[in-house]
Amino acid sequence: MRDSTLQKRQQVIDKALDMFVARGFENVSVDEIIQETGISKGTFYHYFESKEDILADFGKVQNEVIQRWTQDGPKNVTSLEEHINRLFLELSDTVCEIPRLIRSIFALAAQNEKVAEMHGDLFRNLQKALSKWIPEPGKIDALVATYAGTLYMWSHEDNADLKQMVQERMNVLWRGIGEADGKIKLTPSFDRSRKVRVAVIGGGLAGLTAAAYLSEHPNVEGILFERSPQFGGRAFTYEKEGFTLNYGAHAIYGIDRHTISKIGQELGLTFSSRQVDKRKVIYEKNGHMTPAPLDAINMLKTDLLGPLEKVRFVGEIVSIVTNIHKMKNYATLGDFFAESTVSEEIKELWEHLVCSNFFISPEDARKVPGSVICEYYQNLFLAQRPVNYILGSWAVITNQLTQKIEKSGRWELSMREAVDEVAAEGEQFRLTTKKRTELFDYVIFAMPVQQVAKLLKGTPWENEVVPYENNTSTEVLVYDVGLKRVVNRPFSYISDMDNKCFISDISATDNTIAPPGGQLLQGIAYLHDNFESEAELKEYQDRRVEQMEQLFDRHYPGWRDEIAVKRMSKKAMVQSVKAVASNKFMPVRIDGLPFYFCGDGCEGKGQLAERAFSSARQAAKLLIGQLQA
Ligand SMILES: Cc1cc2nc3c(=O)[nH]c(=O)nc-3n(C[C@H](O)[C@H](O)[C@H](O)COP(=O)(O)OP(=O)(O)OC[C@H]3O[C@@H](n4cnc5c(N)ncnc54)[C@H](O)[C@@H]3O)c2cc1C
């Protein structure tokens, strides 16, 4: 149609919709529309097959709202709940003045094929848009049904406020989704006359989690100090060219048994996750690719083990799950290997698994305590969902934690403010920064343990933290590339067993973090830390970059020509304390010290971010427990 024809057609639609709104769809005839708009009957039927056709156009506005919402980047998503509520509220906005017409549409959808089709398309689009953030179809259906039901009820009431009705019903639904166990949260009551002042040093996952728990308590106030210009620490998220990049990735291992799920329930966080496709997790060895033996199906398919070894490896898994594996009694994996009768293939597989899950080199994998490996894999093998990505990245979690702390009104979140000194003053602690000096009743250190040791140097507490100052960290080479188009997608994860590096196609699992049609790949190479000189280290790093790029070349041909965003760090700290026997995780409380400690270098459940979350939860709960005692 020509522009002028389209314009005229739109004028007819607008006028007709006005008439439907004022008098109800069924009370307006085609003749009346023709009369009001001054067009001929022939023109009307040239534009539309029937009066119902006009309504089909009405769906366009709603579809545009859905489309705009889908293009919103994760950085602005403060919580899944708010993000999805916003979509329903914006949809409500487009119809809240026309209850009569909506009532007509509901009635017509039951009688008229075209209107039913328009209605159906709209709800299907809505479902599709929501599936970007919610992988479970049942939850999507519940949300859409709640919205549709509310719309229906509202259209049959006089003068009701649609947006308020939608908001109220969504709140009820989210509470149902969020607290699956249906427990009612009890906030402990304090009978102290003065508020307790707490300082949290460090605004990474651990510091934010500890402060969020404490912010729930009416008699606790505090300051969260973060020295950098943003919160999130190593889980800091930023957007570039439409790609959402984390400094650290946002994979969650065994999410159904992971501390983040518990924290989500306890703090009322809403987020969603999607599982990495196990069939597309591939190991490459000597130029040959084979499925990683992650479950029974992959175990049958993999060439990594021969038939007898497969049976033996299943036996290994069973003994880990039932906690009877002999490995737990050995000081290190290497010591276990020295005495074990298992085949070299199984030993290599164990070593590779430990490299992948602990992000360490084979040399270091052999130094991990047997008990740590057994505990880790018992949890992971029992999990229903081994590897998931938080949809929208860490920002979805950190945004909610920050908001929760702020909303309490009792906490100050201070960025660009490093704590330089901690000292005792009577029964309190004096913290000094470049900006101020403040007194606190309690201090939580939520930063890498080596930095805690430095901060407490020269204080009366120095000796107690000496055992942690020389801990070594887990470091990797990270190579992120955002590609303008999907160059290849044969797997979601490919691990080069010979060179101990891997590439995750993060956008294959989390479709929220790349622009439409784009692909976000993260390459990681494990590093050892045994160097004689700086020159040797440099030469080693350059070789690792080369091996990483060769892995990209082999599996993502043409990737170099499609780069929209590239970021490389030759030495990124994944875990502040490497899980090897010569290191020592810091306890959440140390005998003789009046402080609390948390972070991924502290004692806690799991590895990486789970250690940060679990130690922070523990620190906050212990502190609250002490207040109640
Ligand atoms: C490349 C990479 C990939 C990763 N992938 C995963 C993954 O897939 N899954 C997973 O679970 N984990 C992953 N991790 C690990 C995860 O990011 C970390 O375990 C987690 O972010 C650690 O959080 P934290 O709060 O303990 O420490 P940090 O994030 O280090 O937070 C400490 C904060 O303290 C601040 N600070 C330090 N000193 C002071 C001071 N004196 N005053 C004020 N502030 C101070 C720092 O600026 C920092 O923000 C990955 C990490 C990296 C680097």
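Which exposed residues does the face of α7 turned away from its buried side carry? They are E113, G120, R124 and K128. Here a residue is buried if 20 or more other C-beta atoms lie within 10 Å of its own, exposed if 12 or fewer, and partly exposed in between, with C-beta atoms placed from the backbone. The structure is a predicted model, in which local features need pLDDT of at least 70, side-chain atom pairs count only at pLDDT 80 or more, and totals for chains, interfaces and linings use all residues. Numbering starts from 1 along each chain as its sequence is written.

The buried residues of α7 are V115, M118, H119, L122, L126 and L130. They cover an arc of only 105 degrees around the axis, so they sit on the same side of α7. The arc is that of the directions from the helix axis to the C-beta atoms. Cover for these buried residues includes α4 (51-70), α5 (80-95), α6 (99-109) and α8 (137-155). Contact requires C-beta atoms, placed from the backbone, within 7 Å. Helices (H or I, at least four residues) and strands (E, at least two) are DSSP runs, numbered from the N terminus.

Helix α7 (residues 113-131) has 19 residues, which should span 27 Å at 1.5 Å a residue. Its end C-alpha atoms are 26 Å apart, in agreement. The expected span is 1.5 Å times one less than the number of residues. Helix α13 (residues 307-321) has 15 residues and reaches 21 Å from its first C-alpha to its last, close to the 21 Å expected.

Positive phi values occur at several sites. N323 follows α13 and has a phi near 60 degrees. Most residues other than glycine have a negative phi. E241 lies in the loop between β3 (237-240) and β4 (243-246). This residue counts as exposed because it has 12 C-beta neighbours inside 10 Å. K500 lies in the loop between β16 (493-496) and β17 (501-505). K500 is buried, because 23 other C-beta atoms lie within 10 Å.

The ligand is surrounded by 37 residues, the closest being G202, G204, G233, G248 and A609. Domain 2 (196-274 + 391-410 + 420-459 + 578-628) and domain 4 (474-575) each supply at least three residues. Domain bounds come from an automatic or database domain assignment.

Technical notes
A residue is near a molecule or strand if its C-beta atom, placed from the backbone, lies within 6 Å of it. Two residues are in contact if their C-beta atoms, placed from the backbone, lie within 7 Å.
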